[in-house]
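These are my notes on a single model, taken in the order I looked things up.

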Amino acid sequence: MIINIKNKNQFVTDYLRPISALTEAIIIKSKNNKLECITNNEQGLIVYASYNLEVENNLILNIPNVRKLEKILSFVELNEIKLQYNENCLSYKDSQLRFKYHFLDDNIIQAPKLSVQKILNLPFNIEFKINSSKISELAKGAAFVAESEKLYFNIENGEIFAEITDRSNSSVDSYSIKVCDETDADNLSFPIHFDIVRLLASTNQNEITVRINTEQGLSTFEVSSDNVMLKYIVPGLQV
């Protein structure tokens with residue numbers, strides 16, 4: 001079967017690369033003209049990643065090293081490519097380059113036991129947007145507070161600040177920037193793992209939609225483009 005990827009650069013940069021920033025071994029499945037992946041990392045962060053693509057249903061790609069697949073696809077000079085799908089591999093050839101990438105057998109890679117529908121319908125009581133420039137500022141600020149792995153969203157008097165610090169240790173420095181000028185949410189502080197900043201920095205989108213469920217102690221970070229949607233689920237931490 002042929003898988004026709006019309007924009008290889010987008011597929012690699014906006015889809016595979018953010019997934020590879022989270023973990024290495026993944027499972028990609030096809031359904032309703034989408035490639036879908038749910039995976040997680042050691043910090044408990046989960047991502048649902050979808051890519052719009054005209055492809056047959058019920059394909060299962062057990063990818064042992066998504067960084068390796070990302071890299072070999074980046075070697076292809078053409079932007080519209082046709083990949084040959086067989087049961088245990090993807091292959092490609094043109095006049096300049098040929099490769100074959102093998103999959104693992106089923107049930108070797110373990111994925112989070114979450115349904116796509118549950119991820120897409122997670123409830124929330126706070127919502128705001130962050131510009132990607134703020135993510136870059138936070139990534140730079142991490143060098144100043146290198147001893148902390150926590151990021152606090154602080155809502156104060158209708159404004160939202162993101163702060164890198166660790167309030168469980170009084171000797172840890174802090175770095176804080178305003179990320180949203182206006183919200184009707186009550187004052188609160190919601191800590192999460194700083195790893196989400198590194199993951200969002202690997203994406204190629206201008207705006208991130210943040211949603212927080214204070215009752216369940218969960219937050220989501222969503223970025224999307226014409227063909228790609230990434231939704232990160234990030235649990236809250238103890239202050």
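**Entry 1: a charge over a ring.** I work from a predicted model. I started at Y152 and found R167 over the face of its ring, 4.3 Å from the ring centre. I also noted R211, whose charged end sits over the ring of F124 at 5.2 Å from the centre.

**Entry 2: the strand around Y152.** On one strand, β13, the residue opposite Y152 is P191. On β11, the residue opposite Y152 is E163. The strand β10 covers residues 150–156, and six of its seven residues are buried, so the rest of the structure largely encloses β10. I counted bridges next. β10 and β13 (residues 188–193) run antiparallel and are joined by six bridges. β10 and β11 (residues 159–164) are likewise antiparallel, with six bridges between them. How many residues lie between β10 and β11 in their hairpin? There are two, and N157 in the turn has a positive phi of about 50°.

**Entry 3: the sheet.** I then traced the sheet. It is open, has four strands in the order β12-β11-β10-β13, and pairs them antiparallel. Which strands stand at the edges? They are β12 (175–180) and β13; each has a single partner strand, so one side of each lacks a neighbour in the sheet. From one strand to the next the twist averages 25°. Helix α4 (residues 132–141) packs on this sheet and touches β10, β11 and β12. The direction of α4 makes about 175° with that of β12.

**Entry 4: positive phi outside glycine.** N32 has a phi near 50°, which is positive although the residue is not glycine. N32 lies in the loop between β2 (26–30) and β3 (34–40). Is N32 buried or exposed? Its relative accessibility is 57%, above the 50% cut-off, so N32 counts as exposed. N107 has a phi near 70°, again positive in a residue other than glycine. The loop that holds N107 runs between β8 (98–102) and α3 (116–120). N107 is exposed as well, with a relative accessible area of 71%.

**Entry 5: cysteines.** I searched the whole structure for disulfides and found zero. For C37, the nearest cysteine sulfur is that of C89, 20 Å away, and C37 is in no disulfide. A disulfide needs the sulfur atoms within 2.5 Å. The search from C89 gives C37 as the nearest, at 20 Å, and C89 is in no disulfide.

**Entry 6: aromatic pairs.** A search of the whole structure returned eight aromatic pairs. I looked up one of them, Y15 with Y51. The ring centres are 5.5 Å apart and the planes are at 45°, so the pair is tilted. Y15 belongs to helix α1 (residues 8–22) and Y51 to strand β4 (residues 46–52), so the pair ties together parts that are 36 residues apart in sequence. Y15 and Y51 are both buried. With F11, these two tyrosines form one aromatic cluster.

Conventions. Residues are numbered from 1 along each chain as its sequence is written. This is a predicted model: local features need pLDDT of at least 70, side-chain atom pairs count only at pLDDT 80 or more; totals for chains, interfaces and linings use all residues. Side-chain values use heavy atoms; hydrogens and water are left out. Buried means under 20% relative accessible area, exposed over 50%, partly exposed in between (1.4 Å probe, protein chains only). Two strands pair if DSSP finds at least two bridges between them. Axes are lines fitted to C-alpha atoms, for helices over the stretch in contact, and angles run from 0 to 180 degrees between N-to-C directions. Contact means heavy atoms within 4.5 Å. Rings of Phe, Tyr and Trp (its six-membered ring) pair if their centres lie within 6.5 Å; planes under 30 degrees apart count as stacked, over 60 as edge-to-face and the rest as tilted. A charge sits over a ring if NZ of Lys or CZ of Arg is within 6 Å of the ring centre and within 35 degrees of the ring normal.
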